[in-house]
Amino acid sequence: MSFVQVGGTIGSMIDTSSRIRLSHFQGMLVFAVMISVAFGFLSRRRPMDRVKYIAWSLFLFLVIGIGIGWAMYPFSR
Amino acid sequence: MDEVTGNEAVSSEVRAEVPAQAGPHPGGERAAYVAQKKPSGREALALAIAVAGWLVPGLGHALLRMWGRAVACFITVGVLVVLGAGMRGNIFSSGGGDAFDTLGYVADLGAGGFYFVARSIEKFGADVSHANGDYGTRFLATAGILNLLAALHAFEAARGHKA
């Protein structure tokens, strides 16, 4: 990815009306990562347990989120 | 980064006061030290730690020398607040018109000092006419609830409960 492409990507995320713009998937991904990391650190003590918890929690967040999204598809029009 | 193995970081002053029979504890020596105090003093100290953790995300765990959890709380709450405010989410204020506004205010206020950081970032006010603004509102509320949960976790750890 060239600097122009990187600049274009960042530029599309930032404009004057809404400084940070995330797509639906990006928003869900950021939310899932942050919650998974926080819960992983708070609920587990050993590093390996934390990694497993975070990975599993993130996986479930994404699978269930995308699943619910597709489940709503027939009713979207 | 694992706070359980970071006993060497405990100061000599605290180490001297920790009873020898304290043994391994989920929160490390500092949490064991707090747990060994008199019940009234322990509760007050635990409450102070919880309030500190609420005011500055991660500070409660940092005072208990749970460094990993402290950093995780600070970063996750901070990222959610910065993104939420940057996406022009709704930051509720005390003068809400209905119960939902009040609930939103309580959730946002859960971020402690970061509530004011969010207000300073969002100079142009909320814009929930787009999905981004709506997501930002959820990010801000999530940051507050997450910080309250972390403060409660620090409170329980300081009281000597398994955490």
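Q: Which residues of α2(A) are buried?
A: In this predicted model, the buried ones in α2(A) are Gly27(A), Ala32(A), Met34(A), Ile35(A), Ser36(A), Ala38(A), Gly40(A), Phe41(A) and Leu42(A).

Q: And what covers the buried residues of α2(A)?
A: The cover includes α3 (47–71) of chain A. From chain B it includes α4 (59–63), α5 (67–86) and α8 (131–158).

Q: How far apart are the end C-alpha atoms of helix α2 of chain A, and what span should its 20 residues give?
A: They are 28 Å apart. Helix α2 covers residues 24–43 of chain A, and at 1.5 Å a residue it should span 28 Å, so the two values agree.

Q: Switching to the packing. Which residues touch the most other members in the largest nonpolar core?
A: That core has 20 residues, and Val77(B), Leu80(B), Val81(B), Met87(B), Ala118(B), Phe139(B) and Leu146(B) touch the most other members.

Q: Which elements give two or more residues to this core?
A: α2 of chain A does, together with α5, α7 (113–121) and α8 of chain B. The most comes from α5(B), with 5 residues.

Q: Take Val81(B). What does it touch, leaving out residues up to four places away in sequence?
A: Val81(B) touches Ala111(B), Phe114(B), Ala118(B), Leu140(B) and Ala143(B).

Q: What other core lies apart from the largest one?
A: There is another core of 9 residues, including Ala46(B), Ile49(B), Leu64(B) and Ala157(B).

Q: Now the outside. Which residues form the nonpolar patch on the surface?
A: Leu47(B), Val51(B), Leu55(B), Val56(B), Leu59(B), Leu63(B), Val71(B), Phe74(B) and Ile75(B). Together they have about 700 Å² of accessible area. At least two residues of the patch come from each of α3 (39–55), α4 and α5 of chain B.

Q: Where is Val56(B)?
A: In the loop between α3 and α4 of chain B. Pro57(B) is in the loop between α3 and α4 of chain B as well.

Q: Is Pro57(B) buried or exposed?
A: Buried, because its relative accessible area is 2% and the cut-off is under 20%. Val56(B) has a relative accessible area of 37%, so it is partly exposed.

Q: What is Pro57(B) in contact with, beyond its neighbours within four places in sequence?
A: Cys73(B), Phe74(B), Val77(B), Ala111(B), Phe114(B) and Asn147(B). Of these, Phe74(B) is one of the patch residues, while Val77(B) belongs to the largest nonpolar core.

Key
Residues numbered from 1 in each chain as written. Chains lettered and ligands numbered in written order. Predicted model: local features only at pLDDT ≥ 70, side-chain atom pairs only at ≥ 80, totals over all residues. Heavy atoms only, no water. Helix = DSSP H or I, 4+ residues; strand = E, 2+ residues; numbered from the N terminus. Expected span 1.5 Å × (residues − 1). Buried < 20%, exposed > 50% of the residue type's maximum accessible area, 1.4 Å probe, protein only. Contact = heavy atoms within 4.5 Å. Core = buried A, V, L, I, M, F, W, Y, C linked by side-chain atoms within 4.5 Å. Patch = residues over 30% accessible without salt bridge, like charges linked within 9 Å, V, L, I, M, F, W, Y side chains within 5 Å. Areas by Shrake-Rupley, 256 points an atom, 1.4 Å probe, with all protein chains shown as cover. Salt bridge = Lys/Arg side-chain N within 4 Å of Asp/Glu carboxyl O.
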